[in-house]
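Try each task on your own before reading the solution.

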Amino acid sequence: MCSSENKLEMLNCGGCKKRILQKEVKANLVVLLFNRFWHKDHIKCVYCKLPISDGRILRSKVDSSKPACYACHIQTTHPACVVCYLPVIERGLVAFDRLFHIDCFRCAICNKTIPQRTGFYERDLMLYDPSCYMLYIKDDGIDEFGTPLED
């Protein structure tokens, strides 16, 4: 593409592709976003296709010249918790190569959050706090490593 075509493209809206008019610029209906002019009303998330009106406009992963809303950006750039499937944004916990929100790291029996400092047990991809494991699981014929106990 020659430079004159690039200049013409810069004068077209990144959303609707129509020419940006001087009166639209003067009326404050246009913004410069990702090195391109956009009609404010045409800034839509490349993923969900909804208008981005809260001002949190981020570059999409699929096309760096297209905008993404904050929610879609977070969902496409952060790994998901194995329990609730929502993105882990701040702190998470990794156990057995699986990522958890700290609040989702819960005992399969009592459903209480397992504090990191107390330790935990795992069997068949289920998590147990130490007291529930000792009360309900340990003596069922299988040791804490999942190996059957001999009689």
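**Exercise 1. Loop residues**

In which loop does Y85 lie? Find its place, then decide whether its backbone and its exposure deserve a note.

Solution. Keep in mind throughout that this is a predicted model.

Step 1: Y85 belongs to the loop between α3 (70-77) and β5 (92-95).

Step 2: Look at the backbone. Phi of Y85 is near 70°, which is a positive value in a residue other than glycine.

Step 3: Check the surface. Y85 has 65% relative accessibility, and exposed means over 50%, so Y85 counts as exposed.

Step 4: Now compare with D97, which sits in the loop between β5 and β6. D97 is not a glycine either, yet has a positive phi of about 60°. With 79% relative accessibility, D97 counts as exposed.

**Exercise 2. Aromatic pairs**

How many aromatic pairs are there? Pick out the pairs of Y133 with Y121 and with Y128, and classify each by its geometry.

Solution. 

Step 1: The count comes to five aromatic pairs.

Step 2: Start with Y121 and Y133. Their centres are 4.1 Å apart and the planes make an angle of 10°. Planes under 30 degrees apart count as stacked, and this pair is stacked.

Step 3: Y121 is in strand β7 (residues 121-123) and Y133 in helix α4 (residues 130-137), so the pair ties together parts that are twelve residues apart in sequence.

Step 4: Check accessibility. Y121 is partly exposed at 22% relative accessibility, but Y133, at 0%, counts as buried.

Step 5: Move on to Y128 and Y133. The ring centres are 6.3 Å apart and the planes stand at 55°, so this pair is tilted. Y128 is buried too, with a relative accessible area of 9%.

Step 6: Finish with the phenylalanines. Ring pairs join F96, F100, F105 and F120 into a cluster.

**Exercise 3. The contacts of R56**

Which residue forms a salt bridge with R56, and over the face of which ring does R56 lie?

Solution. 

Step 1: D54 forms a salt bridge with R56, and the closest N and O atoms are 3.2 Å apart.

Step 2: Compare the accessibility of the partners. D54 is partly exposed at 48%, and R56 is partly exposed with a relative accessible area of 43%.

Step 3: Look for the ring. R56 lies over the face of Y70, 4.1 Å from the ring centre.

**Exercise 4. The largest pocket**

Describe the largest pocket by its volume, its lining and the strands that contribute to that lining.

Solution. 

Step 1: The volume of the largest pocket is about 170 Å³.

Step 2: List the lining: V83, R98, F100, C104, R106, C107, A108, N111, L125, M126 and L127.

Step 3: Sort the lining by class. Eight of the residues are nonpolar, one is polar and two are charged.

Step 4: β6 (98-101) and β8 (126-128) each supply at least two of the lining residues.

**Exercise 5. The whole chain**

How many helices and strands does the protein chain have, and in what order do they run?

Solution. 

Step 1: The protein chain has four helices and eight strands.

Step 2: Reading from the N terminus, the order is α-α-β-β-β-β-α-β-β-β-β-α.

Step 3: Of the 151 residues in the protein chain, 28% count as buried.

Methods:
Residues are numbered from 1 along each chain as its sequence is written. This is a predicted model: local features need pLDDT of at least 70, side-chain atom pairs count only at pLDDT 80 or more; totals for chains, interfaces and linings use all residues. Side-chain values use heavy atoms; hydrogens and water are left out. On a 1 Å grid over the protein atoms alone, a cavity is a set of points where a 1.4 Å probe fits but cannot get out, and a pocket is an open set with protein on both sides within 12 Å along at least five of seven lines; lining residues have an atom within 4 Å of a point. Grid points are joined across faces, edges and corners, and a volume is the space filled by probe spheres set on the points. Ala, Val, Leu, Ile, Met, Phe, Trp, Tyr, Cys and Pro count as nonpolar, Asp, Glu, Lys and Arg as charged, and the others, Gly among them, as polar. Rings of Phe, Tyr and Trp (its six-membered ring) pair if their centres lie within 6.5 Å; planes under 30 degrees apart count as stacked, over 60 as edge-to-face and the rest as tilted. Buried means under 20% relative accessible area, exposed over 50%, partly exposed in between (1.4 Å probe, protein chains only). A charge sits over a ring if NZ of Lys or CZ of Arg is within 6 Å of the ring centre and within 35 degrees of the ring normal. A salt bridge is a side-chain nitrogen of Lys or Arg within 4 Å of a carboxyl oxygen of Asp or Glu.
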